[in-house]
Amino acid sequence: MSTSLAVRGRMVEALKLDLVGPLGGHALASEMLPGWVRPSNWYLTGFLIPVGTPPEKSSDPDEDEDIDVVPEVAGLAEESNDERRAAKKGYFPSSMGLSFLAPKEASSLTVTVRWGDYTPAETPGADGKPISIWQRQACEKAVRVALRPAPRRERPSRSR
C-alpha cells in the first residue's frame, strides 16, 4: 500500500519527466526517441538552440508547408505576398529569461543548468535493419552569474 506522500512523489516525478525530461542519473537520461518524433515537440517546456545557429537550421523546415495559407490581402497594400510569407517565418528561441529575488548583499550566485542534447543516430531494429532515432545525452553545468547592483532610485521630495 502506497502512502499519499509516495503517490505525490511519483506524480511530481511524472510531471518533471513530461515537462523537462530526465535529469542526469535518471534511468531515462540516455533515452532514444523514435526518428520520426521531433525532440522539440516531445517535452512540454520547449527547447532552446545555440546562439549563432545558421539561419537554415534556426527555424522549422516544416513551417513552410502551409506557406500558401498566407492570404493575398494580408498586411499592408504595398507589401508583396513574398514579404508577408518571410515575415510569417518563426525562428527557434536561443535564450530565455529568469527573474528572482536575491539579498542586496549578494554579488553573484551559482546556477546549475541541466538540459538534454539530442543527436540523430541509428540503432538496430528487431529485423536487424537500422532504425532512425534521436539519442539524448544528459548535460549539466554550473554557471557563476555576477549580479549588478540595482540602480538607486531617488525618492521624490515631499513639498508642503
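This is a predicted model: local features need pLDDT of at least 70, side-chain atom pairs count only at pLDDT 80 or more; totals for chains, interfaces and linings use all residues.
**Entry 1: a starting residue**

Is glutamate 140 buried or exposed? I looked it up, and glutamate 140 is exposed, with a relative accessible area of 52%. My classes here are buried for under 20% relative accessible area, exposed for over 50%, and partly exposed in between, with a 1.4 Å probe and protein chains only.

Residues are numbered from 1 along each chain as its sequence is written, and side-chain values use heavy atoms, with hydrogens and water left out.

**Entry 2: the chain as a whole**

I listed the secondary structure next and found three helices and three strands. Helices (H or I, at least four residues) and strands (E, at least two) are DSSP runs, numbered from the N terminus. Along the sequence I read the pattern α-β-α-α-β-β. The chain has 160 residues, and buried ones make up 12% of them.

For pairing I kept to the DSSP rule of at least two bridges between two strands. As a reminder, strands of a sheet pair through backbone hydrogen bonds, either parallel or antiparallel.

Strand 1 pairs with strand 3 (residues 130–146) in the antiparallel sense over three bridges. Here methionine 32 stands opposite glutamine 135, and proline 34 has isoleucine 133 as its bridge partner.

How many bridges join strand 2 to strand 3? I found 17, and the two strands run antiparallel. Valine 111 has valine 143 of strand 3 as its bridge partner, while glycine 116 stands opposite alanine 138. The hairpin of strand 2 and strand 3 has five residues between the strands, and there glycine 128 takes a positive phi near 90°.

I also checked valine 145, which lies in strand 3 and counts as partly exposed at 31% relative accessibility. Valine 145 and valine 111 are 34 residues apart along the chain, yet their C-alpha atoms are separated by 7.2 Å.

**Entry 3: salt bridges**

I searched the whole structure for salt bridges and got two. The criterion is a side-chain nitrogen of Lys or Arg within 4 Å of a carboxyl oxygen of Asp or Glu.

One joins arginine 136 to glutamate 31, with the closest N and O atoms 3.9 Å apart. Arginine 136 sits in strand 3 and glutamate 31 in the loop between helix 1 and strand 1, so I logged a link between distant parts of the chain, 105 residues apart. Arginine 136 is buried at a relative accessible area of 4%, and glutamate 31 also counts as buried, at 11%.

My opening residue takes part in the other: glutamate 140 and arginine 114 have their closest N and O atoms 3.0 Å apart. Glutamate 140 lies in strand 3 and arginine 114 in strand 2, so the pair ties together parts 26 residues apart in sequence. Arginine 114 is partly exposed, with a relative accessible area of 46%.

**Entry 4: the largest pocket**

What volume does the largest pocket have? I noted about 1,900 Å³. Of its 48 lining residues, the closest to the centre are Gly46, Phe47, Leu48, Trp115 and Gly116.

Grid points are joined across faces, edges and corners, and the volume is the space filled by probe spheres set on them.

Strand 2 gives the largest share of the lining, nine residues. Helix 1 (4–19), helix 2 (39–42), strand 2 and strand 3 each supply at least two. By type, I noted 25 nonpolar, twelve polar and eleven charged residues in the lining. Ala, Val, Leu, Ile, Met, Phe, Trp, Tyr, Cys and Pro count as nonpolar, Asp, Glu, Lys and Arg as charged, and the others, Gly among them, as polar.

Technical notes:
On a 1 Å grid over the protein atoms alone, a cavity is a set of points where a 1.4 Å probe fits but cannot get out, and a pocket is an open set with protein on both sides within 12 Å along at least five of seven lines; lining residues have an atom within 4 Å of a point.
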